[in-house]
Amino acid sequence: MPPRRVITGRSQEPRKRFAEELKKLRLERKLSYRALGGALGWDATLFSKMEKGETIGGPEVVQALDTYYGLPGLLLALWELAAGDQSQFKAKYRQYFALEAEAVSVWNHAASVFPGLLQTEAYARTLMETGTLEGADLTRHVEARLGRQERLRGADALGFRTVLPEAVLRRPLPDQAHWQEQLEHLLTMGDSRNVTIQVVPHSAGLYALNGTDVTFLRLADGRVVAWLETSFSGSLIEGTADVDLLQLRYDRARDLALSPVDSRKFIMRTLEEAQCEPSI
């Protein structure tokens, strides 16, 4: 079969195509960034960065652009493709993202930070800034993480459970307002029918998964695979015996955790403590 002929000449890469379409729509209407920003109520520099591919923006601004241009849902659909584009990541991470997209349920034990599916933008950005990411690369990685969170929403939302050591809730962000926002987000997500959050208190003592960040994914064909992650790298575990052993340790950790109801109360107390701490 001969290769498909390119008709539009525009990029086939989701992020680049999204940026190109935004620029095309603005120029067709002979709008400046300032005029577009004034019409929609956003800073003009945001639209410049979006057209340069430095950011894809959030769903709110894209929805506003859809309405303004009279294209119901078109730009938002392109945004979703751009947000889900994993091409900039290493092959092993793309493999995990593909499995996560296929999974019918996911359960996690955190090592020292909140799982990516429950992180706010500020939390994710602060965490990634501690590594080597900066500038446009940092923004792309943050947006990709937030894009993955769409799996937790909608009619076919992913079933997700996480077991959090108390230490994760005792490690605040440098910005107190951002830390409160993260805790509030945790409570909001915990109210979702498809999300379960349990906290393992310090009083539980040592247990087999201490210091281990592991995520289990149940795939559509019934298989369960595990993903082990450190701050440096990650590895996929597919062997049945190894996955079974990790699941046994996970079950024991979950047995030590507070119930979802008591875990919510614990997170609420942590939020109240954070709100009482004086700002420096």
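Student: In what sense do strand 5 and strand 6 pair, and over how many bridges?

Tutor: Strand 5 and strand 6 (residues 234-237) pair in the antiparallel sense over 4 bridges. Two strands count as paired if DSSP finds at least two bridges between them. Strands (E, at least two residues) and helices (H or I, at least four) are DSSP runs, numbered from the N terminus. This is a predicted model, in which local features need pLDDT of at least 70 and side-chain atom pairs count only at pLDDT 80 or more, while totals for chains, interfaces and linings use all residues. Residues are numbered from 1 along each chain as its sequence is written, and side-chain values use heavy atoms, with hydrogens and water left out.

Student: Which residue is the bridge partner of Trp227 in strand 6?

Tutor: That partner is Leu236.

Student: And how many bridges join strand 4 to strand 5?

Tutor: Strand 4 (residues 213-218) is joined to strand 5 by 6 bridges, and the two run antiparallel. Asp213 has Glu229 of strand 5 as its bridge partner. Their hairpin has 5 residues between the strands, and Gly222 in it takes a positive phi near 95°.

Student: Changing topic, which residues touch the most other members of the largest nonpolar core?

Tutor: Of its 34 residues, they are Phe114, Leu118, Leu152, Leu169, Leu186 and Leu217. Such a core is a set of buried Ala, Val, Leu, Ile, Met, Phe, Trp, Tyr and Cys residues joined through side-chain atoms within 4.5 Å; buried means under 20% relative accessible area (1.4 Å probe, protein chains only).

Student: Which helix gives the most to this core?

Tutor: Helix 10 does, with 5 residues.

Conventions. Buried means under 20% relative accessible area, exposed over 50%, partly exposed in between (1.4 Å probe, protein chains only).
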